[in-house]
Amino acid sequence: LSFRSSRNHKQHEYNVSQSDHSMSGNKLSKSKDGRDHPEKELPSDKELDISELYVTQESLRKEKDDLCTMAAFVRGGGKFTEETMREGCSNRACAGGIKGDWQPIRIIQMKDDKALFLWDGHHRAVSVVLGGRHVLHPEEYVMHEMDYDYVNTVNPSVGYVTPFHPLKEVRAANFVEFKRKALKMSGENAQKAEKFIRENRESYVHPRSFDTIDEMIQHHNYVCTKKETDSLCDCDEPNSSAGKNSPNSNL
């Protein structure tokens, strides 16, 4: 399988097994976000170029107004950090749906080829780009190492029942009901649950039609004009800090 991006990423080639829905035996570890993860947590101590990340979600659930509100928060110099969201969250940032059970943006680096995939946090990544910043700050994300076999393997012991081929597929924006049903079935009959998951993949995965956040924005026309974000921005000088260190910023 050849995986190419129009954003000048290096080409990734990896042969994905077609019969890899067996239960996983990968070693698990606890990370700073409190979840179980296979293998290990990797350092998140530098700015991360968003254009280097492959999306794993087909679209977003939020309406444009929410994205523009979050983009305005970024344009005002805001960062999606635990401190900001839990202690100093402005109404504008919280209106974007980030308040509550905060988790860092989650990045997966594949052990096989070092490709970086955006696992959780597509709304925030899109709003960061719409707000004129093209990097994630270290305090905004966490990174873990996985491999393609793990990602494409059912593992209900850690709540993972939506395996997919990340080189050629992306998951649906909302598969909560499917996941809830699959987990319930897994607790009752593991073999029946795996059969259900295999036979209903179209309920939660779609063929990949774009690779990056920029391409997702273009594909779905997620656009916030400067006027829209200026009207929402909690800052005296829009763009005063949102675009620093962002060579690709176009706002």
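The following legends describe close-up views of selected side-chain contacts in a predicted model.

**Figure 1. The salt bridge between R133 and E140.** The closest N and O atoms of the two residues are 2.8 Å apart. E140 has a relative accessible area of 0% and is therefore buried, as the cut-off for this class is under 20%. R133, with a relative accessible area of 2%, is buried as well. Across the structure, the count of salt bridges comes to eight.

**Figure 2. The salt bridge between K195 and E199 in helix α7.** The side chains of K195 and E199 meet with an N to O distance of 2.7 Å. Both residues belong to helix α7, which comprises residues 190–199. They are four residues apart, about one turn of the helix. K195 has a relative accessibility of 44% and so counts as partly exposed, because this value falls between the 20% limit for buried and the 50% limit for exposed residues.

**Figure 3. The salt bridge between R208 and D211.** The N to O distance between these side chains is 3.9 Å. The pair qualifies as a salt bridge because the cut-off is within 4 Å. R208 and D211 are both buried.

**Figure 4. The side chain of T212 and the backbone nitrogen of E215.** T212 is located in the loop that lies between β13 (205–207) and α8 (213–220). With a relative accessibility of 1%, T212 counts as buried. A polar atom of the T212 side chain lies 3.2 Å from the backbone nitrogen of E215.

Technical notes. Residues numbered from 1 in each chain as written. Predicted model: local features only at pLDDT ≥ 70, side-chain atom pairs only at ≥ 80, totals over all residues. Heavy atoms only, no water. Buried < 20%, exposed > 50% of the residue type's maximum accessible area, 1.4 Å probe, protein only. Helix = DSSP H or I, 4+ residues; strand = E, 2+ residues; numbered from the N terminus. Polar contact = N/O pair within 3.5 Å; in protein donor to acceptor, adjacent residues only side chain to side chain.
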